[in-house]
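Open the model in your viewer and keep the sequence beside it. The tour goes from one selection to the next.

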Amino acid sequence: RDLHSFPTRRSSDLIASGHAKYHSGFVGTAAAPTVGEVLTTTQGTWTNSPSGYAYAWKDCDSSGASCSAISGATNITYTIVSGDVGHTIASFVTATNSSGSTTQESNPTGVVTSSGGGVVAPPHNGSGVTVQWYWQIAATITTSQITTGTSSTANIFDTDEFADANSSGSNGDPNAPSTLVSDLHAANKYSICYVEACAYQTGFPDNALFAAADYGSSASQYQMAGYPTEWWFDTRGFASYVYGDSNSVLTGAAVNIAAAIAQRIAGCAAEGQDAIEPDDLDGYTNLSNTGAAGGGWGLTQAEAAGYEAWLAYTAHTDGLAIFQKNDGANTSVDVSHFDGMIIEECNHYADPCGSGGDNAQLYTAASKPVLNAEYTQDSETTGAFCPADISAGLTGALFDVNLAGGTDSPCQTGSGYTYP
């Protein structure tokens with residue numbers, strides 16, 4: 001669908017002062033856009049022989065004013081994400097010739113809603129909401145953790161997909177609504193589903209979905225350093241994947257990995273979860289157990305970006321939001337497709353959290369939550385890192401590194417959020 005088209009230019013060159021904004025109606029469902037919908041703009045018709053065109057997309061307020069650029073959205077198409085809910089969207093095309101450049105803006109869309117795509121946007125700090133998160137994936141959440149104690153005031157819970165399951169299908173993945181997730185929603189809590197996305201780990205109930213070639217047949221070359229029961233997936237075949245592009249082709253082991261991980265993501269949706277946390281996205285930055293680069297496979301940042309785009313599109317197709325897990329180097333390309341970010345130890349490693357390093361500020365600027373975990377094993381204290389996290393608009397908390405329900409010291413107490 002064309003979001004808009006441009007009129008013929010009437011100015012003597014492309015540097016025209018006082019040029020009126022072009023207004024046109026939208027076609028298709030752009031008048032009532034929803035999460036997951038792909039908007040398409042056009043190059044338009046210009047006089048005076050432009051030599052090139054550039055594209056940008058902006059989130060605007062509900063009246064179409066106060067627009068701000070969507071980071072990374074520089075293509076002729078844009079896929080609406082949960083962070084756009086409540087905004088209108090406009091496209092901008094800049095034409096350039098020897099005289100300079102001129103930008104033409106479209107009419108804004110209608111206000112974006114989550115219906116249709118089904119994605120529930122996560123809460124973020126601001127507008128009367130203070131976000132607190134609780135993260136536990138090595139032990140099953142109990143009812144008392146939802147209703148009493150420090151965790152009871154958290155408005156985001158991040159829990160394990162398999163621990164949350166009421167039942168599973170023949171593939172080993174959850175296949176029915178989760179009682180835990182229902183309890184979280186009833187208590188006005190947003191539910192994130194932890195998914196191991198980038199490594200094979202022994203003991204998972206759906207491991208039969210993966211072929212030995214997907215993780216190097218358990219060879220030491222592909223084993224995670226320090227983790228004797230985990231091996232990096234061969235995700236090189238995601239390199240050319242483009243978010244939402246049906247013509248993108250996966251190659252090699254990526255074909256089977258995608259089929260298996262898609263079933264894990266569908267399991268989160270079956271449980272009624274709101275979002276996924278795909279772990280270990282940054283394999284390309286890790287040496288394997290033998291010291292081989294890129295998890296033993298020679299993985300690259302571009303391959304990770306392709307896989308992350310595939311994960312985001314698959315999650316959104318299943319009605320789930322998605323959080324970028326670490327991999328700060330890809331934040332600039334992920335932020336337009338992801339709905340929030342989860343980072344670990346950014347204060348401990350002095351990235352810092354709110355600028356540079358993990359680039360969390362790209363998410364906070366887009367009104368998307370950034371959840372930071374610091375660990376007692378690093379001798380961190382809330383007094384040391386919470387002031388910086390709060391100042392940067394991040395949601396920080398201190399946990400034990402095993403995430404088994406021990407230490408839970410949030411930087412702020414959650415308030416102001418009602419689950420939709």
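At what angle do the axes of helix α3 and helix α4 cross? Select residues 254–271 for α3 and residues 301–317 for α4: their axes come within 10 Å and cross at roughly 40°. Helices here are DSSP runs of H or I with at least four residues, numbered from the N terminus. Axes are lines fitted to C-alpha atoms over the stretch in contact, and angles run from 0 to 180 degrees between N-to-C directions.

Now select C60 and C67. They form a disulfide with sulfur atoms 2.0 Å apart (the cut-off is within 2.5 Å). The torsion about their S-S bond is about 105°, so this disulfide is right-handed. The structure holds three disulfides.

Last, colour by pLDDT, the predictor's confidence in each residue from 0 to 100. The protein averages 87, and 88% of the residues score at least 70. Select residues 1–29: here the pLDDT is below 50, and the stretch has 85 contacts beyond near neighbours in sequence.

This is a predicted model, in which local features need pLDDT of at least 70 and side-chain atom pairs 80 or more, while totals for chains, interfaces and linings use all residues. Residues are numbered from 1 along each chain as its sequence is written, and side-chain values use heavy atoms, leaving out hydrogens and water.

Conventions: Contact means heavy atoms within 4.5 Å. Helices (H or I, at least four residues) and strands (E, at least two) are DSSP runs, numbered from the N terminus.
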